[in-house]
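Please open the model in your viewer and keep the sequence panel beside it. This tour tells you what to select at each stop and what you will find there.

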Amino acid sequence: MNVNDTRELLWLAGGLYGLAFAIGFLKTFKINWTPFRETPLAVISLGFILHTRALYIRGLDVHGCPLGNTLERIQFILWSLILAFLILRLLWRLDLLGSFCAGLSFCAGWLSLLFPQLDSNYWLSENYEKLFSSPWIELHASIAIFSYGLFSLLTIVCSMYLVQRKALLARKFNKLSSFLPPIQELEVAAMRLLTVGVLFLTISIIVGGMHWTRHPELVSHAKLSVTLVLWIGYFMVFVLHKTGKLYGSKFSKTSITLYFVTIGSLALVNTRTKETNTTPQSVITNPENSSNE
Amino acid sequence: MSESISQSLFLLGCSHQVADLSAREKISLPSGSIDEFYNGLGKIKGIEEYLLLNTCNRTEIYAASKSNLSRNLIIQYLSKFRNLDPEFLNRYSYQRSNHEVVSHLFEVASGIDSQMVGETEILGQVKKAYSDACKRNISGKMLNRLFQKGFQAAKWARTHTGISRGQVNLGNVLCELARRIFGKVANCRLLVLGTGEVAENTMEAFKSRASQAITVTGRTFDWCPLSRNKPSELAEKFGGFALSFNQYKDSLHLFDVILTSTTSGQSMINVEDIKRAMKKRPAKPLFLIDASVPRNIVEDVANIDNVFLYNMDDISEIANENLKSRMSEVEKCRGALAQKAQKLWDQMTQQREIS
């Protein structure tokens, strides 16, 4: 085990999230063993420390926030998801939410690691100097990805809402629904996550917009359109919920749909980038390289 | 009845398992005669420690002795005290000795011997009986150990098996559903339309969970000033509020849980009423319970988002499912408790041999 190797650390962090998910699952289904009580949180925390170290090492390699390829973006979203959960865990004791987050991080994390083509070594190319040409773009990208992490958590909370609602409507309560929080609390939690997510996404767009006004040629139309559509989408959901026009199951379903559009948009932007650039992503293209082209 | 031999633990009891209500009423001890009963019981030859468990469903006498203890003397004493024919008592009672007493107490304390399997009230009653015996100084080394281990076994059974899983009482089922929707029941605002038994049962369950906003309304509220004003009486009983029957439709949005339990046979809440109420509380769920037959709430309201409508069949089904789930755990629990009882009995007999 090399503690300085990003991929090995990511495998290990993913494994720990998987372990936390398995223990949380056993706990939920009443297999009592006293050490289990706080174990999932401890394991998630340990996984998060390793995850942070992995991204830090990759950050040193790429001289910036590691968001240069699909694997890095997925891992950064998952890192944000776990960070958001750990912050929320300080406020509410939501162990089952932790299990859901750990499960998602395990599956998505290991899946992204299983395909080496998602992790191109772009920083090893001859002309590579730095991932981001300006600290403002780096800030924009990292805040945007962090907001995606919050939206991931929002999706999990909305899924929990739908599971609980389904149980209430069907009058069938299985063990899973017995351990889910009340639907009113889930909707309140979802709204808070949406508020914070929209706030971060807005900040990210303002920061990115400042860069775009100076160098409009560096941002692809696809990237710009998708980002704006997503922001408008989430902002509309926020406004409609606030005004009492979108709530309950429709709110949850819309949030989940928007999240899948968000994840899909990452692939879209990436594909476009590959077609047009040798560097990983158009939005983070170095202006000097771009002008040379 | 044959004369028994020397025994360490003995139990004479009567419960719903062997006696119907009328027989239990005859055997059960009135609360005012407990002191007198204990005084006479202590005078029985050979009895060293003793304890009476007297609840609405069971009357049990636990006795312990290191020397010869005649069980017949206890049976005769109880039949004489309650003016019963010994044959009657023999028919409607059970006797246990030694490790059987340990097993029995474990089952009673854990609730698997209760009429409502898994109910928790019995543990409190056993604790109270033990505490009473301790105060009277009639519980000694053997019964102390037996009952303290019994409390531990009861706790184990509730924690490690599903005998207390789910609610089986109507009011408790409703509270559990309200908890799944709103979280703390104490914060739920309850409106009850009607003043029947179901309404009272529900208010009692909500009140026991510290609900501060219970409101009652009923048709008798306004129309007859000379008649008994049942809604006001109920509101007073449960520390709630009475609402004029003419106003309830305009106030629906103020409540989280609405229960209808009337015999009016008419629809009292329709789709338009709920749509109007939900417009005023869009993001807050509404829990409706129609406990009336014929129904008081139009079924189509269940199609409105964030509205959860349950009728009596739904509630009964949930209670029955929970009960089935508890019953399926009884044998597993009984087996585990029997092992624990045997282990305790072995320890008790070993200690006795050493001493």
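**Before you start**

This is a predicted model, in which local features need pLDDT of at least 70 and side-chain atom pairs count only at pLDDT 80 or more, while totals for chains, interfaces and linings use all residues. Residues are numbered from 1 along each chain as its sequence is written, and chains are lettered from A and ligands numbered from 1 in the order in which they are written. The predictor gives the complex an ipTM of 0.71 and a pTM of 0.70.

**Stop 1: chain A as a whole**

You will find 10 helices and 0 strands, where helices (H or I, at least four residues) and strands (E, at least two) are DSSP runs numbered from the N terminus. Of the 293 residues of chain A, 43% count as buried; a residue is buried if 20 or more other C-beta atoms lie within 10 Å of its own, exposed if 12 or fewer, and partly exposed in between, with C-beta atoms placed from the backbone. Among the contacts in chain A with a separation of 6 or more, 78% are made by residues 24 or more positions apart, and two residues are in contact if their C-beta atoms, placed from the backbone, lie within 7 Å.

**Stop 2: one residue in helix α1**

Which residues does Leu16(A) touch, not counting residues up to four places away in sequence? Select Leu16(A), which lies in helix α1 (residues 6–28) of chain A, and you will see that it touches Val43(A), Leu46(A), Gly47(A) and Leu50(A). Leu16(A) counts as buried because it has 23 C-beta neighbours inside 10 Å.

**Stop 3: the two domains of chain A**

Colour residues 1–118 of chain A as domain 1 and residues 132–287 as domain 2; such bounds come from an automatic or database domain assignment. Across the boundary, 22 residues of domain 1 of chain A are in contact with 23 residues of domain 2 of chain A. On the domain 1 side, α3 (70–91) and α4 (95–114) of chain A each supply at least two residues, and α3(A) gives the most, with 9 residues. That side of domain 1 divides into 15 nonpolar, 6 polar and 1 charged residues, where Ala, Val, Leu, Ile, Met, Phe, Trp, Tyr, Cys and Pro count as nonpolar, Asp, Glu, Lys and Arg as charged, and the others, Gly among them, as polar.

**Stop 4: where chain A meets chain B**

Now show both chains, and look for the 15 residues of chain A that are in contact with 16 residues of chain B. In chain A, helices α5 (135–170), α7 (183–214) and α9 (248–276) each supply at least two residues to the side that touches chain B, and α7(A) gives the most, with 4 residues. By class, this side of chain A has 4 nonpolar, 7 polar and 4 charged residues.

**Stop 5: chain B and its confidence**

The mean pLDDT of chain B is 86, and 94% of its residues reach 70 or more, although over residues 1–7 of chain B the pLDDT is below 50. Chain B is divided into domain 1 (9–160) and domain 2 (170–317), and the C-alpha centres of these two domains lie 42 Å apart.

**Stop 6: the sheet of chain B**

Select the 6 strands of chain B that form an open, parallel sheet in the order β7-β6-β5-β8-β9-β10; two strands pair if DSSP finds at least two bridges between them. Because β7 (241–242) and β10 (307–311) of chain B each have a single partner strand, they stand at the edges, and one side of each is left without a neighbour in the sheet.

Next, move to strand β5 (residues 189–193) of chain B, which 4 bridges join to strand β8 (residues 257–260) of chain B, while 5 bridges join β5(B) to β6(B). Leu191(B) has Ile258(B) as its bridge partner in β8(B), and Leu191(B) stands opposite Thr215(B) in β6(B).

**Stop 7: a loop residue**

Finish at Ala291(B), in the loop between β9 and β10 of chain B. Is Ala291(B) buried or exposed? Ala291(B) is buried, because 26 other C-beta atoms lie within 10 Å. Leaving aside its neighbours within four places in sequence, Ala291(B) is in contact with Val198(B), Leu259(B), Thr260(B), Ser261(B) and Met312(B).

Methods:
pLDDT is the predictor's confidence in each residue, from 0 to 100.
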